Amino acid sequence: MTVKAWLEMAIHDAERRGLPELKPLLEALAKATSALRTAEWNADATGESASDADPGSRIPGPGPEYGR
Amino acid sequence: MAAEPQTIRELSRALKARQTTAEAVVDGCLQRIAERNPTLNAFITVFGDDAREQAHDADREIAAGRHRGPLHGVPISLKDLFDVRGAVTTAASRVRQSHVADRDATAVAMLRQAGAVIVGKTNLHEFALGTTNEESAFGPARHPLDPSRSPGGSSGGSAAAVADGMCFASIGSDTGGSIRIPAAACGLVGLKPTYGELPTDGVVPLSPTLDHIGPICRSVEDAAIIYDTLRGDRRFLDVARGGHADAAHDSRPLRLAIPRHYFLSTLDAQVAAGFETACERLRESGATLTDVSVPHAGDIAAIYLHIVLSEAAAYHATSLERRPEDYTPNVRLRLEMGRYILGEDYARALRGRELIRREIDAALEGVDGLFLPALAIPAPKIGVPTVRIGGADEPVRNIMLRCTQAFNVSGHPAVALPCGATTEALPIGAQIVGPYGDTTGLLRVAAAVEAAFTAPVAASETYRGPGRSR
């Protein structure tokens, strides 16, 4: 699942559960997940680097930080 | 007339020499709690009668020549994540209001065995999921020097209690910085040992692969005393026989490395200046300071987030379904966020953790420790969500974790200690990180750094040593 598809699903589910206020948090999490997936140190079955392998994983935006 | 003891070491000597009694000291702490807790909200539970009884027993044993060691008769508090038999472990949440512990946490049992007097349980950010202590079912803990400010968190009540003289030390937990952040905010020493060294059973978890426990106290030596007590090690314990010979760093000049990239790139201007002054003090003392890099430090926040939220969500999922209204709103939302993280992304974060661990190992090669700030900002105002740094608004939560969470991800031991103050007299904290598995070595280095910071200075300098801020 791409980050974009995951985010759409997560927001939809949160709204269904009566938690629309989760949306901005999930969007911030999506940026962090995107950064994680495109980090150069990821392994990929093709042997390519992760940053080349899954351009659909990238969500543009400012830094990925969302601390606890 | 001798000055009142400020540290565990000083108090232990006074108790053993019968210059004071545990009952008198505990009474003084309980009186301080009664006076100041309505303002600071540091304690959730106070064990007044039990503490007096423990102190009475300690005095009787010491008088009979049975001095157990440096914690005997010393008043200590516990973050309210630690089980104490017969007491509610609230975790600062209504979710836990009916939980009564049927046994002491292992760490609590070890403190009791050492003769420590448990005076009470301290406030925290609900379930330790936050850095400011604002979100607590019992209301926010407040900073002793300025009650409009946060004492840091999540162990905020612990730091406020120690800094304000309500106890001599507190045992906290640290998942992303929750011991070191409040220690730095309040001008104290806070130790996060190597991952897995100290027992966490009987402690409410946040993220089991990131959770650590450790002391918040007024000197590195006190941190060493508590660390060794909780480890069942006697190396630092024999205070009465002339202090901590093992605690001293050897005479070789310190070699410290500063990871400037990422860790020092977003600092409050006064914190940055205070840290550079501390570096200069170390150089004057003969230390060698070099720059070093953790190449993928920019990935740490994302790695940390995916681990901590996934693991916290696993622990809280059932309660989130059954009694969501019993969480504070923002803690509930952050926990709910963790429930959406995919397994593949948690696995990526675990791979990233190994990379960060190796890079920190590499950064430590050839030096005694890493040297960096413990907290990028001074204690923030309560209720303020962002701070302005370098022309940009930074979320308080993110910026408070920036210097500490890496070493929860990697498991390396780290200690925060005071290194200066702002123009408003708010403490500035430095942090030293040691080789994995060598917390004792880290404490030796920290003792040497503390000595360099507390050496006589020119009158214009603002540093006040730990325990001397009141």
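Helices, as counted in these legends, are DSSP runs of H or I of at least four residues, while strands are runs of E of at least two. The structure shown is a predicted model.

**View 1. Chain A as a whole.**
Chain A is built with three helices and zero strands. Of the 68 residues in chain A, 41% are buried. Among the contacts in chain A with a separation of 6 or more, 51% are accounted for by residues 24 or more positions apart.

**View 2. A helix of chain A against a helix of chain B.**
Helix α2 of chain A (residues 23-38) packs with helix α10 of chain B (residues 300-322) at an angle of about 115°, and the two axes are 9 Å apart. The helices α2(A) and α10(B) are therefore roughly perpendicular to each other. Their crossing is left-handed. On the side of α2(A), the contact is made by L29(A), A32(A), T33(A) and L36(A). On the side of α10(B), A302(B), I303(B), L305(B) and H306(B) take part. By class, the residues of the contact of α2(A) with α10(B) comprise six nonpolar, two polar and no charged.

**View 3. Helices α2 and α3 of chain B.**
Within chain B, helix α2 (residues 22-40) and helix α3 (residues 48-63) pack with their axes 8 Å apart, at an angle of about 160°. Angles over 145 degrees count as roughly antiparallel, so α2(B) is roughly antiparallel to α3(B). The crossing in which α2(B) passes α3(B) is right-handed. Helix α2(B) contributes A22(B), E23(B), V26(B), D27(B) and L30(B) to the contact. Helix α3(B) contributes G48(B), A51(B), R52(B), A55(B), H56(B), A58(B) and D59(B). Six nonpolar, two polar and four charged residues form the contact of α2(B) with α3(B).

**View 4. Helices α7 and α15 of chain B.**
The axes of helix α7 (residues 220-231) and helix α15 (residues 439-454), both of chain B, cross at roughly 165° and come within 9 Å. This angle makes α7(B) roughly antiparallel to α15(B). Here α7(B) passes α15(B) in a left-handed crossing. From α7(B), the residues in the contact are V220(B), A223(B), A224(B), Y227(B) and R231(B). From α15(B), they are T439(B), T440(B), L443(B), A446(B), A447(B) and E450(B). The contact of α7(B) with α15(B) has seven nonpolar, two polar and two charged residues.

**View 5. Two cysteines of chain B.**
A disulfide is a covalent bond between the sulfur atoms of two cysteines. C403(B) takes part in no disulfide, and the nearest cysteine sulfur, that of C419(B), is 11 Å away. A pair of cysteine sulfur atoms must be within 2.5 Å to count as a disulfide. C419(B) is likewise in no disulfide; for C419(B), the nearest cysteine sulfur is that of C279(B), 8.3 Å away. Are these two cysteines, C403(B) and C419(B), buried or exposed? C403(B) has a relative accessible area of 1% and is buried. C419(B), with a relative accessible area of 8%, is also buried. Both values meet the criterion for a buried residue, which is under 20% relative accessible area.

Conventions
Residues numbered from 1 in each chain as written. Chains lettered and ligands numbered in written order. Predicted model: local features only at pLDDT ≥ 70, side-chain atom pairs only at ≥ 80, totals over all residues. Heavy atoms only, no water. Buried < 20%, exposed > 50% of the residue type's maximum accessible area, 1.4 Å probe, protein only. Axes fitted to C-alpha atoms, helices over the stretch in contact; angles between N-to-C directions. Parallel < 35°, antiparallel > 145°, perpendicular 65-115°, else oblique. Left-handed = near helix turned anticlockwise from the far one by under 90°. Contact = heavy atoms within 4.5 Å. Nonpolar A, V, L, I, M, F, W, Y, C, P; charged D, E, K, R; others polar.
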